[in-house]
Amino acid sequence: MIQSETLDLLEWPRLCQQWATFAATKLGALAARHGRIPEHQSESEQLLAQTREAYQLEEAAPLNFRGVQDIGEALERARLQGILSGEELLNIATTLAGARQLRRAIDAQEEDDFPVLQSLVAQLRTYPELEKEIHHCIDDRGKVTDRANPKLSGIRKNLKTTHDQLHAKLQRIMQRHTGALQEALITQRAGRFVIPVKAPRKDSIPGIVHDVSTSGATLYVEPQSTVEFGNRLRQLERQEAREEELIRQRLSGQVAEVSEDLEQLMAIVTTLDLATARARYSLWLEANPPRFSTASERTVLRQLRHPILVWQQRHEDGPTVVPIDVTMRPDIRVVAITGPNTGGKTVTLKTLGLAALMAKAGLFVPAREPVELPWFDQILADIGDEQSIEQSLSTFSGHIRRIGRILDAIGAAGDVDDADKLNNLDAVGTAPPTDIPPCPLPLAPCPKNNSLVLLDEVGAGTDPTEGSALAIALLQHLANHTRLTVATTHFGELKALKYQDDRFENASVEFDDVSLSPTYRLLWGIPGRSNALTIARRLGLNPTVVDTAQTYVGVSKQDDVNQVIAGLEAQRKRQEDQAEQAAGIVAQAEALKADIERKAAAIKEWELNQKLDQEKAIQAAVAEAKADIATVIRQLQKGKATAQAAQKATELVENIAQQQQTPKGNHPAKKAITDYKPKLGEKVRLIGLGGQTAEVVGEPDADGKLAVRFGLMKTVVDLSDIESLTGQKAATKATVEKTPEKRRTTVKVAKKEPVAPAVRTSKNTIDLRGMRVAEAEADLENFIANATGPIWIIHGHGTGKLKRGVREFLKRHPQVRNFENAEQADGGTGVTVAQV
């Protein structure tokens with residue numbers, strides 16, 4: 001009972017109604033409106049995996065549920081040997097076709113990206129032969145077709161012939177007895193074709209009277225001569241109906257034979273629709289996938305928004321939703337939220353409760369990544385919501401009864417805490433009870449029950465002294481028995497519990513004393529201070545009354561506490577202002593950095609284009625020189641080889657070399673000058689002739705000239721115009737003279753040291769989770785600029801946007817050679833390793 005009460009108090013049915021609007025099928029919408037909460041964490045993990053993959057599909061290739069119908073009742077009647085109607089059979093056929101299209105759409109995706117959905121649709125059996133048979137026998141209007149049965153086709157032909165004969169007979173009768181008719185009309189009464197005859201002229205057309213008008217002036221008569229045709233028509237219609245029923249009975253039997261598989265098909269399709277609806281709702285909410293944290297991990301919910309308030313803001317012109325930040329240490333068991341009325345304390349409780357329920361149901365949570373919260377066995381609430389129409393202000397007795405049901409639900413009412421037993425054992429070697437699980441947090445007693453309890457105005461509605469005492473005892477009891485309790489209160493005594501027990505934490509809702517209005521922000525670590533008297537004074541209440549009230553509060557202690565709280569709030573405000581200024585400076589620096597990077601990229605692209613243009617010009621010049629040289633060689637081969645011809649050819653080649661120098665404005669990189677000396681008979685490359693290969697036929701002279709031969713020609717070239725086939729440049733005399741002997745050094749080849757295996761450390765690892773793609777690219781650019789060797793990039797799984805953005809950035813980055821998924825021990829597909 002308390003579970004159902006909690007769902008109503010947190011307005012879970014209302015959220016499910018919003019979720020159902022994103023479903024594509026009737027069954028999917030119905031299942032979403034019920035919003036079942038899983039009882040095991042493994043089921044929640046499975047639902048989240050389905051939602052994550054459906055989310056990715058929604059962005060890439062959205063699923064289409066066209067044709068899928070609710071065929072549950074039809075399957076049940078078929079299993080009971082009932083005869084299905086044509087519309088029901090047609091719905092079954094279209095559902096089979098729709099399910100097949102869904103399976104094809106999912107199977108067409110990459111197997112590694114959608115393993116959960118692909119394993120789900122692998123179980124589908126769509127029976128194409130049954131679908132084909134139904135479409136053969138049933139048309140698009142749900143009627144049995146003529147081709148379904150030859151006998152049926154013959155009956156319908158006879159039916160049409162008889163019908164035409166009957167109408168022709170009636171037309172002739174009406175032409176002969178025009179004066180006896182009320183109007184020239186053929187109509188039906190009781191399934192028989194009749195004509196309207198004037199009552200005084202009924203003897204003019206003998207026949208059977210089937211009906212009389214209200215005034216009695218018109219008789220609807222079936223002429224005696226057409227009775228035979230009418231009887232035959234009725235007989236044929238009965239034969240047609242019987243034959244149609246036999247066809248539908250045969251098809252219904254085929255459906256009944258595979259009804260279990262069809263029911264499983266409907267369950268799979270509904271599961272797909274629910275997953276798609278969760279994904280579409282999450283996408284609309286701009287929500288992120290949650291991760292269930294362990295008992296030793298923090299709870300992180302940054303920029304958490306109330307989903308129902310988001311709906312009101314977008315669809316009902318509601319106020320702007322103010323997000324809250326929830327970050328808690330793993331050892332926190334109780335959070336006491338204090339602050340003035342209308343400050344947002346109750347909304348905070350509901351937001352936390354709905355976030356936990358959404359995560360359990362497989363929905364994404366409307367908060368900024370990363371979203372990390374525990375998986376709670378139970379979520380129990382006592383909320384007297386004055387803002388809800390359905391709820392009225394609870395009395396003290398109503399609160400107590402509901403809290404009693406909460407304690408019964410967690411199994412803690414009247415029990416002694418097992419953790420207390422463990423802590424109170426003597427140190428004489430007494431063994432602890434074997435039924436107590438080991439505690440991951442030795443400083444905080446392990447709760448017996450992994451529940452979340454939400455209490456609104458705990459201890460209210462009675463005498464403040466007794467109410468605060470009851471509230472303290474209750475919260476201490478829950479700290480020993482539940483995973484987390486969040487309570488709102490106005491009792492100042494609860495603020496001090498934090499300083500007595502490390503498991504307690506304070507939080508407060510912010511209130512602007514100047515505007516006298518709440519900001520709805522949740523502040524952690526700072527208890528809320530009373531603003532009642534301050535607000536009353538600012539609103540113009542008689543100062544005498546306010547001063548008198550101040551004396552009753554207890555000036556000394558209360559003022560001291562309020563002054564300390566005010567000082568804490570002022571300090572926090574200064575820190576926030578400084579953080580905002582720092583964020584502005586960082587944003588400016590990032591913009592400047594992005595501008596510099598953009599300009600650097602433009603310069604780099606211009607240089608690359610210039611280099612490509614130079615290479616194209618050089619290649620064109622080389623090709624032209626080779627063509628000219630080939631022409632010279634062909635001329636020599638055609639004529640008689642004489643010394644004069646060889647000399648002439650040599651001159652032509654030298655002219656070509658002069659013409660095909662490096663184009664103006666192009667500056668190819670200079671070859672490194674070495675101590676290379678060409679030897680007699682060695683093959684060398686002629687630089688000035690487009691890289692032609694020649695043979696050395698003489699030693700270089702004192703002027704740096706060298707005789708070479710290529711083809712049938714022999715010529716003399718400078719040492720500066722040749723190089724070895726391996727690219728070594730010969731040292732000329734002028735170069736040797738300019739280079740002092742002492743500067744000549746022998747280049748030693750360094751021994752290649754063995755490369756140490758890459759090891760992941762904090763210095764070569766960057767965590768980008770929770771960032772947008774643009775933010776991640778800026779941080780990653782800085783990290784790569786200072787990195788050497790492999791780097792580990794943590795981006796998580798989430799919706800996949802960050803992972804895809806990071807990998808696209810790595811593909812474009814000039815310093816990144818390659819990248820791949822990390823080892824499973826280092827994070828698997830949630831981490832990318834890049835070689836820099």
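Guide: Welcome! This is a predicted model, where local features need pLDDT of at least 70, side-chain atom pairs count only at pLDDT 80 or more, and totals for chains, interfaces and linings use all residues. Residues are numbered from 1 along each chain as its sequence is written, and side-chain values use heavy atoms, leaving out hydrogens and water.

Visitor: How many cavities of 30 Å³ or more does a search of the whole structure find?

Guide: A cavity is a set of points, on a 1 Å grid over the protein atoms alone, where a 1.4 Å probe fits but cannot get out. Its volume is the space filled by probe spheres set on the points, which are joined across faces, edges and corners. With that 30 Å³ limit, the search of the whole structure gives five.

Visitor: How many residues in the lining of the largest cavity are charged?

Guide: Lining residues have an atom within 4 Å of a point, and here they include T299, M328, F376 and L484. Asp, Glu, Lys and Arg count as charged, Ala, Val, Leu, Ile, Met, Phe, Trp, Tyr, Cys and Pro as nonpolar, and the others, Gly among them, as polar. The lining of the largest cavity has nine nonpolar residues, one polar, and, as for charged ones, none.

Visitor: And how many are charged in the lining of the second largest cavity?

Guide: This cavity has a volume of about 80 Å³, and among its lining residues are E297, R329, R333 and R483. Five lining residues are nonpolar and one is polar, while the number of charged ones is four.

Visitor: Are the rings of F22 and W284 stacked, edge-to-face or tilted?

Guide: Rings of Phe, Tyr and Trp (its six-membered ring) pair if their centres lie within 6.5 Å; planes under 30 degrees apart are stacked, over 60 edge-to-face and the rest tilted. The centres of F22 and W284 are 6.2 Å apart and their planes at 50 degrees, so this pair is tilted.

Visitor: Is F22 buried or exposed?

Guide: Buried means under 20% relative accessible area, exposed over 50%, and partly exposed in between (1.4 Å probe, protein chains only). F22 has a relative accessible area of 18%, so the word for F22 is buried.

Visitor: Which residue lies over the face of W284?

Guide: A charge sits over a ring if NZ of Lys or CZ of Arg is within 6 Å of the ring centre and within 35 degrees of the ring normal. At 4.6 Å from the ring centre of W284, the residue is R314.

Technical notes. On a 1 Å grid over the protein atoms alone, a cavity is a set of points where a 1.4 Å probe fits but cannot get out, and a pocket is an open set with protein on both sides within 12 Å along at least five of seven lines; lining residues have an atom within 4 Å of a point.
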